[in-house]
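Q: I would like to learn how to read the packing of helices in a model. Could we go through one case?

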Amino acid sequence: MMEVITGLKMIDKISIELVKAKQKHPQFADSLFEAVCILSEEVGEVAQAVYDFERDSGGYEDIEQELAQVGAVVARFLRFVEIIKKEM
């Protein structure tokens, strides 16, 4: 039976990835263009995980982890935009 991910579990998964990302890359981006490139790269990793799943070489867990990483990048991107707006 497949596990249903509740709203809180989703937030937990994204929060865990957010902490990891901040530890690995304390500074998110230097520009909006770099930020969107980071987001695009993460979305590409979701596509790869789905492709692998469809070819029976990956699992739902891989897709979920990549999606959580996208959520973390989106959160950091939103914060980055807030910072830029305050500097204007």
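Q: At what angle do helix 2 and helix 3 pack, and how far apart are their axes?

A: Two packed helices are described by the angle between their axes and the distance between those axes. In this predicted model, where local features need pLDDT of at least 70, side-chain atom pairs count only at pLDDT 80 or more, and totals for chains, interfaces and linings use all residues, helix 2 and helix 3 pack at about 170° with axes 9 Å apart. Residues are numbered from 1 along each chain as its sequence is written, and side-chain values use heavy atoms, with hydrogens and water left out. Helix 2 and helix 3 are therefore roughly antiparallel (an angle over 145 degrees, on a scale from 0 to 180 degrees between N-to-C directions).

Q: Which residues of helix 2 are buried?

A: Buried means under 20% relative accessible area with a 1.4 Å probe, protein chains only. In helix 2 these are Ala 35, Leu 39, Glu 42, Val 46 and Ala 49, and they pack against helix 3.

Q: How do helix 1 and helix 3 cross?

A: The axes of helix 1 (residues 7-24) and helix 3 (residues 60-87) come within 8 Å and cross at roughly 65°. That makes helix 1 roughly perpendicular to helix 3 (65 to 115 degrees).

Notes: Helix = DSSP H or I, 4+ residues; strand = E, 2+ residues; numbered from the N terminus. Parallel < 35°, antiparallel > 145°, perpendicular 65-115°, else oblique. Buried < 20%, exposed > 50% of the residue type's maximum accessible area, 1.4 Å probe, protein only. Contact = heavy atoms within 4.5 Å.
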